[in-house]
Amino acid sequence: MSYISVDRVFKIYGGRQGPVEAVSNVSFAVEAGEFVSILGPSGCGKSTLLMMLAGLEATTAGAITIDGRTVTSPRRDVGLIFQDATLLPWLSVLDNVLFPIRIMKGDLATHRQKARELLDMVGLGDFHAHKPAQLSGGMRQRVAICRALIHDPHLLLMDEPFSALDAITRDDMNMALLEIWQRYHKTGVFITHSIREAVVLSDRVLVMTRRPSTVVCDIRIPFARPRGRDLGETLEFNAICRTLREHIEAGHRRDRAA
Ligand SMILES: Nc1ncnc2c1ncn2[C@@H]1O[C@H](COP(=O)(O)OP(=O)(O)O)[C@@H](O)[C@H]1O
Ligand SMILES: [Mg+2]
């Protein structure tokens with residue numbers, strides 16, 4: 001059995017203007033240790049899907065199973081990273097990283113060392129006493145990554161974590177995330193609009209269509225790890241990006257024809 005199994009999941013929101021079908025019959029599986037990206041246009045239900053994986057939204061129909069258990073409520077063994085770092089401005093970088101431990105009433109003393117190690121790894125070792133306002137956007141997002149890893153979750157769920165960053169910082173963050181992956185061996189679901197980012201980071205890329213959305217393709221990314229910046233310049237990399245783009249465009253054409 002797969003680590004994550006999403007089985008014929010639907011999500012219909014009740015709205016004032018009538019129901020909105022955000023996710024329509026989505027099924028896929030993720031194996032333990034895999035990094036899977038989900039690509040799709042805005043409003044196609046990607047965040048909704050991620051919230052259902054995190055147990056923060058209920059499915060309308062279908063089932064999500066993680067590690068043998070049906071998801072019915074928020075899970076502790078999940079780390080979440082959003083587009084905005086959502087740090088607490090009055091806390092230091094170190095205390096922001098430790099915040100989940102405080103909430104879960106864990107042992108702060110032992111986790112303080114772990115937090116320092118995580119900050120070192122993402123290049124923020126000298127910034128542990130800084131406040132979020134003193135950091136750049138990329139640095140804040142690195143803090144958010146450390147915060148998501150502090151309780152050593154098996155699963156990382158990431159919702160367009162680098163979309164608000166400039167292109168150069170975004171490339172740096174992609175490289176940082178690859179390193180983290182190499183080192184910590186988590187399972188990951190990563191949402192993005194960027195085809196190249198998805199291919200750089202992932203073992204598999206799923207494409208979702210416009211709403212009501214479903215998964216239209218599931219492509220395996222064959223590149224060995226560790227991966228570096230030069231990967232994006234290879235012919236094979238660009239051929240995979242082209243294939244994904246064609247699937248996305250075919251999805252758009254189907255929508256217009258419908
Ligand atoms: N809490 C909600 N109530 C009603 N509709 C919602 C809610 N959250 C999202 N939606 C709608 O569901 C659709 C999918 O949204 P979302 O999952 O945020 O898409 P994405 O992350 O792909 O941009 C959109 O049409 C959005 O307006
Ligand atoms: Mg979203």
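These legends go with close-up views of the cores, pockets and cavity in a predicted model. Local features here need pLDDT of at least 70 and side-chain atom pairs count only at pLDDT 80 or more, while totals for chains, interfaces and linings use all residues. Residues are numbered from 1 along each chain as its sequence is written, and side-chain values use heavy atoms, with hydrogens and water left out.

**View 1. The largest nonpolar core has 53 residues.** A nonpolar core is a set of buried Ala, Val, Leu, Ile, Met, Phe, Trp, Tyr and Cys residues joined through side-chain atoms within 4.5 Å, and buried means under 20% relative accessible area with a 1.4 Å probe, protein chains only. Leu-39, Val-199 and Leu-244 touch the most other members. Helix 4 (residues 137–149) gives the most to this core, seven residues; helices are DSSP runs of H or I, at least four residues, and strands are runs of E, at least two, numbered from the N terminus. Apart from this core lies another, of 26 residues, with Tyr-3, Val-9, Ala-54 and Val-71 among them.

**View 2. Here are the contacts of Val-199.** Leaving out residues up to four places away in sequence, Val-199 touches Val-205, Ile-221, Phe-223, Arg-227, Phe-237, Ile-240, Cys-241 and Leu-244 (contact: heavy atoms within 4.5 Å).

**View 3. The largest pocket holds about 480 Å³ of space.** On a 1 Å grid over the protein atoms alone, a pocket is an open set of points with protein on both sides within 12 Å along at least five of seven lines, and lining residues have an atom within 4 Å of a point. Volume is the space filled by probe spheres set on the points. Val-78, Leu-80, Pro-100, Met-104 and His-151 are the closest to the centre among the 19 lining residues. Helix 2 gives the most to this lining, with four residues. By class, the lining splits into twelve nonpolar, four polar and three charged.

**View 4. The second largest pocket comes in at about 270 Å³.** Its 14 lining residues include Asp-171, Asn-174, Met-175, Arg-196 and Val-200, the closest to the centre. Helix 5 (167–184) gives the most, four residues. Six charged residues sit in this lining, along with four nonpolar and four polar.

View 5. A cavity is a set of points where a 1.4 Å probe fits but cannot get out. Searching the whole structure turns up one of 30 Å³ or more. Helix 7 (235–257) and strand 9 (204–208) each supply at least two lining residues, and helix 7 has the largest share, four.

Methods: Chains lettered and ligands numbered in written order. Buried < 20%, exposed > 50% of the residue type's maximum accessible area, 1.4 Å probe, protein only. Nonpolar A, V, L, I, M, F, W, Y, C, P; charged D, E, K, R; others polar.
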